[in-house]
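Hi everyone, and thanks for making time for this. Have a look at the structure on the screen, and I'll walk you through a few parts of it.

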Amino acid sequence: MRTSQFPLNTVKETPADAEIASHQLMIRAGLIRKLAAGLYTWLPLGLRVLRKVEHITRAEMTKAGALEVLMPALQPAELWQETGRWQHYGAELARLKDRHDRDFCLGPTHEEIITDLARNELKSYKQLPITFYQIQTKFRDEIRPRFGVMRCREFIMKDAYSFHSDQASLQETYERMYQAYTNIFTFLGLNFRAVIADSGAIGGAVSHEFHVLADSGEDAIAFSTGSDYAANVESAKALVVAQTLAEPCEAFAKVATPHQKTIAELTEFLAVPAQKVLKTLAIMRSIEDTHGDISEQFYNVFLRGDHDLNEIKLTKLLGSFRFATETEIAQHHGCVAGFLGPVLDASLPVIFDLDTRYLTDFVCGANEEGFHFRGCNWLSDPKTMAFYQQAIADHAFHDIRNVVAGDLSPDGLGEITLARGIEVGHIFQLGTKYSEAMKAGIINETGKHQIMLMGCYGIGISRVVAAAIEQNHDARGIVWPTHLAPFQVALCPMNLHKSHRLQATVEQIYEQLNAAGIETLLDDRKVRAGFMFSDMELIGIPHCIILSDKGLDANVFEYKARTTKENIEVPLAELMCFIQAKLAD
């Protein structure tokens, strides 16, 4: 491709609203252009990269035995109502009405649509297992689109769905997809990890996320230093080291803490470590009765001061909840937030994190504004002991915190270390969540109707492009992994328009490279050498061939790799062999 036919839309200035490297570089390198908040047009250069991700993904899906389909982006509300997600999905679901006043949505995912297809097309166990996939535009009405195509309202996704007659078959396909995803991200040259994950709004019992490791990642990932264990922090199990209560060493006292409401303020003022503080969170749990009516119940939730609540874990334990208001806190505690502690009243339900069970000589709120207790111990007096023993009897101690660096790995091998990750893929074992709701079944071997089991497997195609840039860039621009680069080779002649001899040589080399199947961008613009090189570095082409009259006189060309700063001279006669060897590395 020639730049005269394939214009480079590079820009010098970084957009003011571009917060992270991938967003900045995708704009500057001319990969995308913003249309509106969370909406982007892919320019020719960016589309070349996007199509490469699609091509590699399609190849692995085919290898895994999946069949490609294409489903409508516009979805009727009736199908979402069958599964209950029309009411529960939330504001991210882009809803609209057609001219006949019928409800539709723009699909953020396609579980309902594929299940409807399956219940109409699959009749017998002999047709199973089967996996369908598509690569298609999705829509999510993000409340705050940001980070370019990383978190936008319209994006390209590969979503696959499998159907099975038994769990063994689902597990086999799940493992095949896990391997396919591993192959895709490995071939793309990404540093990634597969982690145990929460299924979220999609549902299902078993799921793994695939994360590209990058400092700008929105997700915290927990890794073991002694094994292959990895999990999203939301799903990582926190182990308890202490198993017995230590003997008390400090006298109980009520202390004035007039302005110390936060853990940081309290620990500094009292000169105690955060792990010696009992933190109290007040929440309102939503409870639905048999008639569908919703009521709320006040709960006290307790954690160590150095730990953070894992809202996913607590939601799995209690269901939907929200944090209590100041008015609700005052009603139940008689004081303001920042001074809350255990209320020794059996009528108030409580949830404790496991690590709080073995606290001794700890600090907690006195339920009186401006005061805390210190030297607290669970067995210090009969009333506190009864409260503690009742909590144990009620099974009120649970793992509800985020893991932290230094925790024991849940598999018992090594310690937990944390990193940031960008989620680019997610696979689920859905079970019968959708097929049962939509009555998608087949006739089994015994001649009876049986609900099918399902799996779901997604890759954020457009997000992969941004994630690759987050992981592969420098001060000069993008540093594409080999199989993602829009072009493999940049052919950069100096002052091409001034030399007929150089023009003839460049044309010959350009034809040879194309004939060898090497994706080549010939820069035939009338621009300065520095401007040309700057553009090639910005857009991240891995290999650069530099030709000049001076080089022709010496029968050499200059070669520069994107990852190096120095040029090397190579005999002109060896050009094709040299470049092919570089591409094979």
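Let me start with one word: a residue is called buried when its relative accessible area is under 20%. Please also keep in mind that this is a predicted model.

With that word in hand, let's go to strand β29. His 543, Ile 545 and Leu 547 point one way from β29, while Cys 544 and Ile 546 point the other way, and all are buried. Since five of the five residues of β29 are buried, the strand is largely enclosed by the rest of the structure.

Who are the neighbours of β29? On one side, β27 (residues 489-493) runs parallel to β29 (residues 543-547), and five bridges join the two. Here Ala 490 stands opposite Cys 544. Strand β30 runs antiparallel to β29, with four bridges between them. In that pairing, Cys 544 stands opposite Lys 560.

Now let's zoom out to the sheet. It is open, has five strands with mixed pairing, and its order is β28-β27-β29-β30-β31. The edges are β28 (520-522) and β31 (568-571); each has a single partner strand, so one side of each has no neighbour in the sheet. From one strand to the next, the twist averages 30 degrees.

Two helices pack on this sheet. Helix α14 (residues 529-539) touches β27, β28, β29 and β30 (556-561), and its direction makes about 175 degrees with that of β27. Helix α16 (residues 575-584) touches β27, β29, β30 and β31, and its direction makes about 10 degrees with that of β30.

Next, a helix pair. Helix α1 (residues 21-28) and helix α12 (residues 461-471) pack with their axes 8 Å apart, at an angle of about 105 degrees. The two are therefore roughly perpendicular to each other. On the α1 side we find Ala 21, Ser 22, His 23, Leu 25 and Met 26, which meet Val 465, Ala 466, Ile 469 and Glu 470 in α12. By class, that contact has six nonpolar, two polar and one charged residues.

Finally, the cores. Which residues have the most contacts inside the largest nonpolar core? They are Met 26, Leu 31, Phe 185, Val 465 and Trp 480, in a core of 72 residues. Beyond its neighbours within four places in sequence, Val 465 is in contact with Met 26, Trp 42, Val 49, Leu 50, Val 53 and Trp 480. A second, separate core has 23 residues, including Leu 547, Leu 552, Leu 575 and Leu 583.

How values were computed. Residues numbered from 1 in each chain as written. Predicted model: local features only at pLDDT ≥ 70, side-chain atom pairs only at ≥ 80, totals over all residues. Heavy atoms only, no water. Pairing = 2+ DSSP bridges. Axes fitted to C-alpha atoms, helices over the stretch in contact; angles between N-to-C directions. Contact = heavy atoms within 4.5 Å. Parallel < 35°, antiparallel > 145°, perpendicular 65-115°, else oblique. Nonpolar A, V, L, I, M, F, W, Y, C, P; charged D, E, K, R; others polar. Core = buried A, V, L, I, M, F, W, Y, C linked by side-chain atoms within 4.5 Å. Buried < 20%, exposed > 50% of the residue type's maximum accessible area, 1.4 Å probe, protein only.
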